[in-house]
Amino acid sequence: MHPVIVSVTERIKQRSRQTRAAYLQRIADDLANGPVRGQLSCTNLAHDYAAAPDNDKLILKSSHRGANIGIVTAYNDVLSAHAPYQGYPDILKRALLKAGHVGQVAGGVPAMCDGVTQGQTGMELSLFSRDVIAMSTTIALSHQVFDGALMLGICDKIVPGLLMAALRFGHIPAVFVPAGPMRSGISNQAKAKVRQAFAAGDVGEEELLDSEMKSYHSSGTCTFYGTANSNQMLMEIMGLQLPGSSFVNPDDALRQPLTELAAQRVSEITALAPDYTPIGQMVDERTIVNGIVGLLATGGSTNHSIHLIAIARMAGIQIDWQDMTDLSDVTPALTRVYPNGSADINAFHQSGGMAFLMRELADAGLLHTDVKTIMGNGLHHYFQEPWLDEHGVIQWRPAVSESLDLSVLAPAHAPFMREGGMKLVHGNLGRAMMKVSAVPDDRWVIEAPVRVFTDQEQVLAAYKADQLNCDVIVVVKGQGPRANGMPELHQLTPALTNLQDKGFRVALVTDGRLSGASGKIPAAIHLSPEALVDGPLHMVKDGDVIRLDGHAGTLNVLTEDFAQRNISAFAPLDVSSSTMGVGRELFTVFRRNAGSADEGAISIGWE
C-alpha cells in the first residue's frame, strides 16, 4: 500500500474512533431488534402481506427461509437515466421469486433532474433534495419487514441520499442497481461549442435546442462525466453494485441479466444466508478512502467533495477536505472523459472501464483490496468484467491487460497527470475546492482584479454588456447552503469559457457549486464559511485583487486593507427572494439547519 493511503486511512480511523464505534453498536442493537419478521406481531405482518400474491405470502410466512427485499425506486419520466427503472421492480420481483424470495416496492423517492432545473428556481432545492431522499428512504425502510434492500437510483443527489439512508439501516444489506448510460449522440465538445456560440449571440435558440436534443436523445444517463456517472463509479469502486455493471447501456443484452443478478446477490447476503453482509459493516474507512481515490483518479464531480462527507458521516466516519487533497497529491489521473477530455463515458467503458481502472489503482497500492463488497471479501472480484455465454448466462473474465484506447484510459505507470482531479485551496477567504483535472496547467494560477456579483444572472448580464472583456476573477457570493440552497452555477461556464478563449485570464470564486460537468475554467467553489454567515467573501469588493494558486493550494485577497475590514460595515446579504413558491416551507427548513459545504451541507440532525 502507498504510505499516504495508509496514513490518511489511519488518520480517519483515529478521528472517527468514537463515532464509528457508536455506529457499529447501533447496527448490533438494530439487528437484535429486527428486521427479522418473526419478531413482529401477527397484525403487523398481516398488513405487510395483505396485497402480496399467494406465492409471495407462502414465502413470507416462512420467515426463516425466504428473504423479503425492499425495493426503493427513484423512477420518473423526467430523468432520462431513471426512465428505464419503470419496469425494474417487476424484473427484480421475478428474479427474487425464482430464487425463493420476495421483493416489495418499499417506497419511491423524489428525483429531480439538475439538467432541467439548471439556472431555474427549482435548482435551489437540488442539494436539499439529497436529504429529502434520505428521509424518504428511511420512511420506506422503517417498516422493519425487510431483510435487504435494492436501491434504484443513478443521478446527482439521488444516489447519495439513498446511500445515506441505507447506512442508517446498516444492519441489512443493500445493493445498488444501475441502468446505464444512453448511447453516444453528438460529441460533448460539439455540444459545448454550440453553447458557447449561443452565449456569444452567434446562434439562436432553435440551433441550441437541436444541438442539445442530439446530445440528450434517449433513456439512460447523460454521457459526460458529471455527478451521475461519478455516482456509478463510486458505487462500483465501493463494492456496492455488481462489477462491470455501471456503464452497460440500457438496451444492451447484458443489462437485464445484470439486473436479475443484483436481485439474486442481495438475497445471498441477508441475515438468513451464510454470507451475511450488512452494509454498515461493509462500508468502513477503507471503503470511503477507495471511493475518494476513484473520484480523484477519474476527475469526478466536485459535488462529491460535499456528498462523500455526508455519506461517511452516516456510517460514523469523519472525513474532510484535507483528507481528499492529501490523497489527491498521490493519486494519478487515469481517465480523459468530458469535461476532462473529449471522450464520453461509453468510450471509457469500451476502453477497459472500471475493471481496468480498479486493477491499475490496486496494483499501484492506491486501493484497499482487503475490503468487504457485495460480492464477498476482497476487491479482486471487481478486476473482472461480465459477459454473456451462448446460453445468455453471465460469466466473468479478467479485465483487459492493456487499455484499448490510451487517449481515454491510461495505465497507472503512464497517467495523464501525476496527481488527482481536485485540490483544497485556502487562505484569508476560507477553504474551497478546485477541480483541476479539466484545467490547463497554465491556468492553475490566476491573479486578477475582482468583479463581485450576487447571482449568476448578474454575471451573464455583465458578460453580454462586454463588461468582462479583461483579466478578471468573477466572485459570486450568497450562493451557499444557508443563502439559497447552493444551486449549481453551470450557466456561467459557456460565458467564462468564451472570455478565456479570447485570451483573458479568468477564474471563478464562489460559495456556491458548479455542475459535475464543470469545464476548463479555474474555479474555487464551495467556499466555506459562506458569505451569508459572515464569511470573509462578503467583504470582497470590486477592484480587489485575488490570487488563486492551484499548485500551492492557496486562495487570498491581496488588497492591502482587506485584513482591516470589518464585516459589520457591509450590508447583510438579501436572501429574501431565495424561496421557490410551493417549495418555500421545505426550503426554509433547509436554510435554517444546513451546515457548511465542508461539513457536507447536511440539513437534518441524524445523530
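The model on your screen is predicted.

**Stop 1: Q479**

Select Q479. You are in the loop between β12 (472-476) and α20 (481-484).

Is Q479 buried or exposed? Q479 counts as buried because its relative accessibility is 3%, and the cut-off for buried is under 20%. Next, display what surrounds Q479. Leaving out residues up to four places away in sequence, Q479 touches T454, D455, N484, M486, P487, L489, T510, D511 and G512.

Then draw a line from Q479 to R313. From C-alpha to C-alpha the two are 24 Å apart in space. In sequence, 166 residues separate Q479 and R313.

**Stop 2: N231**

Move to helix α11, residues 227-237, and pick out N231. N231 has 1% relative accessibility, so it counts as buried. Show its contacts. Residues up to four places away in sequence aside, N231 touches I154, C155, D156, V159, P160 and H304.

**Stop 3**

Now turn to charged pairs. Side chains of opposite charge can pair when their charged atoms come close. How many salt bridges does the structure hold? There are 26 salt bridges.

Select R11 and D326. They form a salt bridge, with the closest N and O atoms 2.9 Å apart. This pair links distant parts of the chain. Colour R11 by accessibility: at 31%, R11 counts as partly exposed.

**Stop 3: R359 and E360**

Go on to R359 and E360. A salt bridge joins them, the closest N and O atoms being 3.8 Å apart. Both R359 and E360 are buried.

**Stop 4: R397 and E385**

Finish on two strands. Select R397 in strand β8 (residues 394-398) and E385 in strand β7 (residues 384-388). Their side chains meet in a salt bridge, 3.0 Å from N to O. What does the pair tie together? Because R397 and E385 lie in those two strands, the pair ties together parts that are 12 residues apart in sequence. R397 counts as partly exposed, at 38% relative accessibility.

Notes: Residues are numbered from 1 along each chain as its sequence is written. This is a predicted model: local features need pLDDT of at least 70, side-chain atom pairs count only at pLDDT 80 or more; totals for chains, interfaces and linings use all residues. Side-chain values use heavy atoms; hydrogens and water are left out. A salt bridge is a side-chain nitrogen of Lys or Arg within 4 Å of a carboxyl oxygen of Asp or Glu. Helices (H or I, at least four residues) and strands (E, at least two) are DSSP runs, numbered from the N terminus. Buried means under 20% relative accessible area, exposed over 50%, partly exposed in between (1.4 Å probe, protein chains only). Contact means heavy atoms within 4.5 Å.
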